[in-house]
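This briefing concerns the packing of helices, the pairing of strands and an aromatic contact. Please keep the sequence and the structure at hand while reading.

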Amino acid sequence: MRGAFLALLVLLGTGLGGCALNPATGKSNFVMLSERQELELGRRANQEIARQYPRYADERLQAYVQRVGERVARNSHRSNLDYRFTVVDSPDINAFALPGGYIYIHRGLLAYLGSEAELAAVLGHEVGHVTARHGVQQQSQSMAWGMLGQLVAAGTGVGAAGDLTNLLGTAMVRGYGRDMELEADGLGAQYLARSGYDPQAMIEVVRVLKGQEDFAREQAARRGQEMPASGYHGLFDTHPDNDRRLQQVLGPARALAAGGARESNREAFLGHLEGLPFGDSEGTGVRRGRHFYHAGLGIALSFPEGWTQSNGAEQLVAQSPDRQALMAMTLERAERTPEAFLRARLGGQRLVQGQPLGQAGLQGYTGIFPGHPARRVAVVFKDQHAFLFVAVVKSGELASQDARFLEAIRSLRPLQAGERKLAQPLRIHLVRAKAGQRIADLAKDSPLPGDAEGTLRLLNRLYPDGEPQPGDWLKVVR
């Protein structure tokens, strides 16, 4: 063990790693990547992210977010980088940064912001991660622990030692999370102030996300479920807006902003939200109750009553109410016959109870892939697309849910003309509040699923019980 540690120290001392001055904080950080390597790491990671997260197809909004992001980045500690800001076509409330200046914000988060300054606050926070090289620091820690694990395993002859050390290293890296997020908040607030925005917008974003957290907790309690995990990383999702440490890191930014006019640009920002899809988009497919509609692919299908759907970038997943039955649908290119396609995907492994599918003019094939647990697998061809299904019961027999799995698979059909409207998303629209108008009134005829009133309050910064003033801009969904 001692020899492994000494070997690691020798490796680190020969140029594979060391301490470097952080360009944003002036602190000395342990890093194992040069700036050139950092840029290459970000470029490769960005290619992978682009495959997993669809770009939102509104170039006017993309250009606006890029302009706001560039304005903040120009006033950062690493203004020389080529920053790329991208809106992701996802209803999730999230934003993240890759090394080298690749920054993503989900349109789901955009919907809940109230001004350009708040958008700049989110982007500034992510720019702060880039300028402080947080991704490089985490990657360096992971690399160091991975090297140590290999050396320990080689020195002891026990391969599991490497896995154990990697787990310890991962835990250590995650332990830095709160400090890094606070650091990114402080840097982002400074960049806001230098760019002419009010750094108080950072606090406003915290309030937006705290409202989301409170709403999710309330909804979970009503359903008798556990509080769901938060989607947005960092301090934003875990601490109230009066957190002493957050107030402390915002202090320098407030000093920079003192005495000067600060921009909010609320109306300009809201104008860019007009028509923004809320929830699912046409490009990713629309969930309506137990049904799913996709205009681009020209399909519709239905899942059992009470099942929930998760519409990800790469797959559509449905779960039973007890979360024991799971069914995923992915999209591939059709080739050969449905049976040959399915058997090829199984790599020649055994398929039992195979049978052809013929539904609404579409051809497919299905069978059971034995194992522990056994899985129902199927493929349905439409045009040049192959819709591949895998279904499983986590603990229990496949037979307990197999009839429901087959029913869902056989429901896949071409989208009918009368269903085209159902494949269109709900969208945000801006209206002026009238005298005496209440959020409950707007919610009565709202197509929003679930607690429409609570959602509208969150969108308009009126959660839990605020009411609009006459003439206020209001976001409605229809």
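In which sense, right-handed or left-handed, does helix 3 pass helix 5? The crossing of helix 3 with helix 5 is right-handed, where a crossing counts as left-handed if the near helix is turned anticlockwise from the far one by less than a right angle, and as right-handed if clockwise. The model is a predicted one, in which local features need pLDDT of at least 70 and side-chain atom pairs count only at pLDDT 80 or more, while totals for chains, interfaces and linings use all residues. Residues are numbered from 1 along each chain as its sequence is written, and side-chain values use heavy atoms, with hydrogens and water left out. Helices (H or I, at least four residues) and strands (E, at least two) are DSSP runs, numbered from the N terminus.

**Helix 3 with helix 5**

- The axes of helix 3 (residues 59-73) and helix 5 (residues 116-131) come within 9 Å and cross at roughly 60 degrees; axes are lines fitted to C-alpha atoms, for helices over the stretch in contact, and angles run from 0 to 180 degrees between N-to-C directions.
- Helix 3 is therefore oblique to helix 5, given that angles under 35 degrees count as roughly parallel, over 145 as roughly antiparallel, 65 to 115 as roughly perpendicular and the rest as oblique.
- On the helix 3 side, the contact (heavy atoms within 4.5 Å) involves Tyr64, Val65, Val68, Gly69, Arg71, Val72 and Ala73, which meet Glu116, Leu119, Ala120, Leu123, Gly124 and Val127 of helix 5.
- This contact of helix 3 with helix 5 comprises 9 nonpolar, 2 polar and 2 charged residues; Ala, Val, Leu, Ile, Met, Phe, Trp, Tyr, Cys and Pro count as nonpolar, Asp, Glu, Lys and Arg as charged, and the others, Gly among them, as polar.

**Helix 3 with helix 11**

- Helix 3 also packs with helix 11, at an angle of about 150 degrees and with the axes 10 Å apart.
- Arg60, Leu61, Tyr64 and Arg67 of helix 3 meet Ala268, Phe269, Gly271 and His272 of helix 11.
- By class, the contact of helix 3 with helix 11 has 4 nonpolar, 2 polar and 2 charged residues.

**Helix 5 with helix 9**

- An angle of about 85 degrees separates helix 5 and helix 9, whose axes lie 8 Å apart.
- That angle makes helix 5 roughly perpendicular to helix 9.
- From helix 5, Ala117, Glu118, Ala121 and Val122 meet Ala201, Met202, Glu204, Val205 and Val208 in helix 9.
- The contact of helix 5 with helix 9 contains 7 nonpolar and 2 charged residues, and no polar ones.

- An open sheet is formed by 7 strands in the order 10-11-12-16-15-14-13, with antiparallel pairing; two strands pair if DSSP finds at least two bridges between them.
- Strand 10 (308-311) and strand 13 (352-359) are the edge strands, each pairing on one side only.
- On average, neighbouring strands of this sheet are turned by 15 degrees against each other, direction ignored.
- Strand 11 (residues 316-319) and strand 12 (residues 325-333) share 4 bridges in the antiparallel sense, and alanine 318 stands opposite methionine 327 in strand 12.
- Strand 13 and strand 14 pair over 6 bridges, likewise in the antiparallel sense, with glutamine 355 bridged to threonine 366 in strand 14.
- The hairpin of strand 13 and strand 14 has 2 residues between the strands, and alanine 360 takes a positive phi near 50 degrees there.
- Helix 13 (residues 402-410) lies across strands 12, 13, 14, 15 and 16, and runs at about 10 degrees to strand 15.

- Strand 6 pairs with strand 18 (residues 426-432) over 2 bridges, and arginine 427 in strand 18 is the bridge partner of proline 277.

**Aromatic pairs**

- The whole structure holds 7 aromatic pairs, counted where rings of Phe, Tyr and Trp (its six-membered ring) have centres within 6.5 Å; planes under 30 degrees apart count as stacked, over 60 as edge-to-face and the rest as tilted.
- Phenylalanine 215 and tyrosine 463 form an edge-to-face pair, at 5.7 Å centre to centre and 85 degrees between the planes.
- This pair links distant parts of the chain, 248 residues apart: phenylalanine 215 lies in helix 9 (residues 201-223), and tyrosine 463 in the loop between helix 15 (452-459) and strand 19 (473-477).
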